[in-house]
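Visitor: I am new to this structure. Please show me how to read it.

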Amino acid sequence: MSKLHEVFAAAKAENRAALIGYLPAGFPSVDGAIDALRAMVENGVDMVELGLPYSDPLIDGPTIQAASERALEAGITTKLVLATVEAVAASGAPTLVMTYWSPIERYGVERFATDLAAAGGVGVITPDLTPEEAGPWIDATDAAGLDRVFLVAPSSTEERIAVVTGITTGFVYAASLMGVTGVQSVSAAAPALVARTRPHTSLPVAVGLGVTTAAQAADIAQYADGVIVGSAFVRLLLDAATPAEGVAAVGRLAADLAAGVRRH
Amino acid sequence: MTTTESVRTTLPDALGHFGRYGGRFVPEALIVALDELDAAFRAAQVDPAFQAELTHLLTTYTGRPSPLTDCVRFGAQAGGARVLLKREDLNHTGSHKINNVLGQALLTVRMGKKRVIAETGAGQHGVATATAAALMGLECVVYMGEEDTRRQALNVARMKLLGAEVVPVTAGSRTLKDAMNEAMRDWVTNVDSTHYLIGTVAGPAPFPEMVREFQKIIGVEARAQVLELVGRLPDAVTACVGGGSNAIGIFSGFLDDPSVGLYGYEAGGDGVESGRHAATITGGSVGVLHGTRSYVLQDDDGQTVESHSISAGLDYPGVGPEHAFLADIGRAHYSAITDTEAMDAFRVLCLTEGIIPAIETAHALAGTLRLGRELGPDSVIVVNCSGRGDKDVETASRWFGVLDGERAPEGRA
Ligand SMILES: Cc1ncc(COP(=O)(O)O)c(C=O)c1O
């Protein structure tokens with residue numbers, strides 16, 4: 001069983017959904033991101049999704065765009081992202097990287113998978129890598145023992161869900177809405193999408209995009225195996241007067257959301 | 001038409017690959033829309049009713065065929081070569097962009113969508129899209145980098161007069177790349193009601209192939225016209241390359257004529273060695289941008305590097321995947337033209353032929369001046385005159401110091 005499956009199984013044993021928290025690496029600084037991610041884990045986030053900032057984040061809204069831009073301006077590199085993985089994984093929470101495809105291809109597909117596994121990463125979420133282009137990635141992640149997470153969307157047909165879940169390992173990422181990150185609502189399409197995904201896979205299904213509050217997390221926990229929260233954390237860091245206040249706010253939201261996924 | 005088809009029909013493959021380039025690198029949310037577009041495009045290609053409707057518009061609305069103009073005085077500056085301009089600048093709306101837009105707008109109506117969005121750099125694609133949207137009763141939103149709304153203010157006004165909403169994009173370099181990001185985000189959000197009318201041969205499959213097919217008419221016409229006028233094929237065909245649609249359009253007519261050299265001119269900005277340029281094939285590396293694999297201006301981490309060019313329409317750090325393929329197999333040749341070289345050629349065309357070209361087109365003209373001197377006086381060169389320069393009058397006036405109270409920077413005029 002992969003580390004991810006252990007976490008999902010443990011959550012299930014507690015009759016709750018797993019909580020997955022996202023932040024981009026290098027924002028507000030390399031160490032600042034590590035502090036915030038540790039605060040998340042200490043306050044009940046089960047898994048960390050570490051964003052690799054990219055210059056052209058096509059499915060990110062203004063919040064993550066702004067954080068990514070600042071991380072890049074401050075000098076984040078793929079190497080520093082891997083160093084961040086190492087630091088966060090040491091906190092004990094399984095750590096995935098979420099990245100657009102360009103940085104992986106540039107770094108070298110096999111090399112990225114090998115170096116991420118060596119840094120203690122457990123998997124990668126690739127929102128713009130289509131199954132049709134994923135051949136070398138499937139080989140590289142298999143060789144490195146990494147989980148590879150692909151997304152299904154409300155617009156996905158049955159055929160597409162079958163194709164996507166067929167190459168996914170770890171868990172399936174169900175995009176709650178048609179749109180970019182940071183929209184503060186979960187669409188009515190999410191439960192239907194999870195229900196349509198189930199027959200195609202025995203993997204856990206986690207819902208992300210638009211999840212902001214503990215109430216939403218509690219609601220999603222009724223029908224999904226995982227709840228993914230990103231922009232809401234990033235927004236707290238963007239709005240914080242000082243890095244320390246940002247870290248504290250991230251910790252509070254994590255605790256809140258952790259209570260949410262435990263609400264029945 | 002079929003004699004020029006043999007190379008074309010084999011590419012791209014079923015997944016949109018031109019050799020190692022092309023494909024689809026997009027969020028899953030867009031796949032269904034791309035599949036739907038692909039199906040609509042393929043059905044339309046073999047539907048005589050669609051083809052008749054498009055041909056009717058191209059003839060009675062755009063004003064096709066565009067003429068081929070013998071440019072004797074310009075040719076004299078180009079080593080005495082016989083230079084023939086394919087006059088896409090005379091199309092309605094002033095550039096080649098309308099060819100593709102009318103095709104995609106008809107597809108939009110066929111797919112039952114009511115809203116089109118577009119990215120634009122120079123504003124020519126935005127104007128063409130706003131025009132077609134007005135003609136067909138579609139809602140239209142155009143994303144344009146804030147920097148470009150400033151340097152192409154005339155086209156912003158045109159789009160607004162045509163009823164389109166123009167959204168200035170303030171992210172990143174505030175140019176074409178960022179406008180494309182924003183248009184993609186809109187599309188992911190509104191894909192049910194909206195067609196994203198991409199203006200060049202870039203983006204995910206089927207866009208590179210589809211836009212090529214809608215622009216191919218330039219090359220098909222030009223080939224017949226040059227045979228009629230000169231009695232033989234040209235030695236070379238030249239075009240500027242931003243995303244690459246006007247270049248692919250004219251190259252397509254000549255790809256299977258091995259004696260015809262194909263030359264694409266990229267925007268060299270301050271010079272490729274300066275790092276401030278938009279010469280993607282000349283100065284870039286293989287990567288993924290905006291849904292396709294091609295040459296990209298990027299750093300060692302796969303982060304896109306900002307492009308620089310005096311020409312808003314060429315100021316893009318990517319290029320269509322078919323050009324990457326043609327460059328690799330050596331069928332087409334790509335090189336860079338600096339801002340200064342382009343503006344010099346701009347002026348030569350103004351003064352020798354009475355034609356004010358778009359600054360994008362001026363890059364092809366500069367390349368032609370250089371090429372003509374190499375090929376010599378017996379050569380025949382067809383240049384794709386992709387657009388007219390009305391939108392650039394202010395930029396050019398400032399460059400040459402013809403406006404009251406403004407002087408050209410040293411050495412520029
Ligand atoms: C007149 C003109 N030529 C060329 C271009 C560059 O586009 P492409 O390389 O797709 O032809 C533009 C783009 O705005 C344009 O307006």
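**Reading the fold and the ligand site**

Guide: An oxygen atom of the ligand is 2.7 Å from a polar backbone atom of Gly244(B). That is a polar contact, a pair of N or O atoms within 3.5 Å. The model is predicted: local features need pLDDT of at least 70, side-chain atom pairs count only at pLDDT 80 or more, and totals for chains, interfaces and linings use all residues. Side-chain values use heavy atoms, without hydrogens and water.

Visitor: Which side chains have a polar atom by the ligand?

Guide: Thr200(B) places a polar side-chain atom 2.6 Å from a ligand oxygen atom. For Ser386(B), a polar side-chain atom is 2.7 Å from a nitrogen atom of the ligand.

Visitor: How much of the ligand's accessible area does the protein cover?

Guide: Accessible area comes from the Shrake-Rupley method with a 1.4 Å probe. On its own the ligand has 390 Å², and the protein covers 98% of that.

Visitor: Which residues come nearest?

Guide: A residue counts as near if one of its heavy atoms lies within 4 Å. The ligand has 18 residues around it; Thr200(B), Gly242(B), Gly244(B), Ser245(B) and Ser386(B) come nearest.

Visitor: How many helices and strands are in chain B?

Guide: Both are DSSP runs: helices (H or I) have at least four residues, strands (E) at least two. Chain B has 16 helices and 14 strands.

Visitor: What does the C-alpha trace of chain B span?

Guide: Along its principal axes, the trace of chain B spans about 55 × 50 × 45 Å.

Notes. Residues numbered from 1 in each chain as written. Chains lettered and ligands numbered in written order. Polar contact = N/O pair within 3.5 Å; in protein donor to acceptor, adjacent residues only side chain to side chain.
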